[in-house]
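Biologist: I'd like to learn how to read strands and helices in a model like this one. Please take me through it feature by feature.

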Amino acid sequence: MQTETTFYKSCFNYTGGKHKLLKQMMPLFPKRMHHFVDLFCGGANVAINIHAEGSMYGIDQQKEVIRLFNTLKTVTKDEAFRTIYEIIKEYRLSDSHKYGYATYNCNSAKGLASYNKERYIQLRKAYNERENDSVYYDFVFFVLTVYGFNNQIRFNRSGEFNIPVGKRDFNEKVQVNLANFIKQIKSKDINFICDDFREVDLGRLSQGDFLYADPPYLISTATYNEQGGWTEREEKDLLELLDQLDRQGVKFALSNVLEHKGGENHFLKQWAKNYDIHYLNYHYDNSNYQIKEKGLKTLEVLITNY
């Protein structure tokens with residue numbers, strides 16, 4: 001069986017990313033599949049670790065993420081790193097990998113926020129005031145997530161990126177993840193598409209294909225769901241879609257939580273009785289939304305129709 005260290009990690013440190021759950025989830029996925037669809041791909045932690053014999057698709061509504069993924073498919077690794085370092089140099093952001101923390105009068109424990117704060121704000125301002133969406137700004141977006149608080153992605157109602165500065169920078173770990181990510185999405189030729197899950201044509205999927213869905217969780221809160229982005233309407237639409245895939249003979253796996261902070265997703269619990277429920281052991285220790293009340297459990301599951 002694979003161990004966690006063998007799994008590649010996304011270039012994004014997504015809230016709720018599934019990298020740490022892969023060692024539990026991967027043995028539950030079909031051993032063979034023709035086409036593969038990651039319906040809410042997020043950071044694409046699942047997609048880059050899946051092997052499919054046919055086409056692979058990563059679907060998500062976060063257009064900035066999908067834009068970057070498609071950019072990373074078209075440029076070389078060297079071009080990507082060169083552009084990132086040009087942005088770091090242009091805005092005089094820290095480069096602890098090359099110069100260490102002492103250069104910036106900072107240390108690893110406290111992080112680099114005190115040095116980067118004003119520089120980061122200028123970079124964020126330039127991104128929010130851009131007049132076009134170009135490859136350069138795809139990488140500015142990436143740098144903002146690297147230097148931003150908890151590496152989160154969040155836009156306000158006006159469409160402005162509004163995460164404050166974080167403690168870390170483009171360190172060795174981030175660089176390794178990015179290099180591996182670029183290699184994986186190129187070698188697997190994953191098709192990244194920005195779309196609402198309800199608008200994606202899944203009618204062509206058939207027996208032998210596999211769809212994985214990791215939607216926003218109805219009973220939890222994260223940066224991707226702070227503004228009512230996922231309601232009971234979306235939840236029911238997704239579950240109806242999965243029922244339809246089941247009738248088509250398509251295998252699916254759904255990540256979700258049945259219980260969280262004392263709340264229960266009763267509708268999901270009732271729906272899941274028709275399928276197989278696999279209970280997973282994990283809490284998001286790198287999330288700003290982790291449970292403070294230790295007695296209130298999060299019941300995370302993988303629901304499959306096979």
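**Strands and their partners**

Modeller: In S6, the bridge partner of His260 is Gly263. This is a predicted model, where local features need pLDDT of at least 70 and side-chain atom pairs count only at pLDDT 80 or more, while totals for chains, interfaces and linings use all residues. Residues are numbered from 1 along each chain as its sequence is written, and side-chain values use heavy atoms, leaving out hydrogens and water.

Biologist: In which sense do S5 and strand S6 pair?

Modeller: Two strands pair if DSSP finds at least two bridges between them; helices (H or I, at least four residues) and strands (E, at least two) are DSSP runs, numbered from the N terminus. S5 and S6 (residues 263-264) run antiparallel, with two bridges. They make a hairpin with two residues between them, and Lys261 in the turn has a positive phi of about 50 degrees.

Biologist: What about strand S4 and S5?

Modeller: S4 (residues 210-213) pairs with S5 in the parallel sense over four bridges. There, Phe210 has Lys251 of S5 as its bridge partner.

Biologist: How many bridges link strand S5 and S8?

Modeller: Six, in the antiparallel sense, with S5 spanning residues 251-260.

Biologist: Is S8 enclosed or open?

Modeller: Buried means under 20% relative accessible area, exposed over 50%, and partly exposed in between (1.4 Å probe, protein chains only). Six of the six residues of S8 (residues 299-304) are buried, so the strand is largely enclosed by the rest of the structure. In a regular strand, side chains alternate between the two faces of the sheet. In S8, Leu299, Val301 and Ile303 point one way, Glu300, Leu302 and Thr304 the other, and all are buried. S5 is mostly covered as well, with nine of its 10 residues buried.

Biologist: On to helices. At which residue does helix H5 bend?

Modeller: A bend is the angle between axes fitted to the seven residues ending at a residue and the seven starting there. H5 (residues 113-128) bends by about 30 degrees at Arg119. Arg119 is also among the buried residues of H5, along with Asn116, Tyr120, Leu123, Arg124 and Tyr127. They pack against helices H2 (63-74), H3 (77-90) and H6 (135-147), where contact means heavy atoms within 4.5 Å.

Biologist: Which residues does Thr71 touch?

Modeller: Thr71 lies in H2 and is buried, at a relative accessible area of 6%. Leaving out residues up to four places away in sequence, it touches Val135, Asp138 and Phe139.

Biologist: At what angle do H3 and helix H7 pack?

Modeller: Axes are lines fitted to C-alpha atoms, for helices over the stretch in contact, and angles run from 0 to 180 degrees between N-to-C directions. H3 and H7 (residues 172-188) pack at about 145 degrees, with axes 10 Å apart. Lys77, Ala80, Phe81, Ile84 and Tyr85 of H3 meet Gln175, Leu178, Ala179 and Ile182 of H7.
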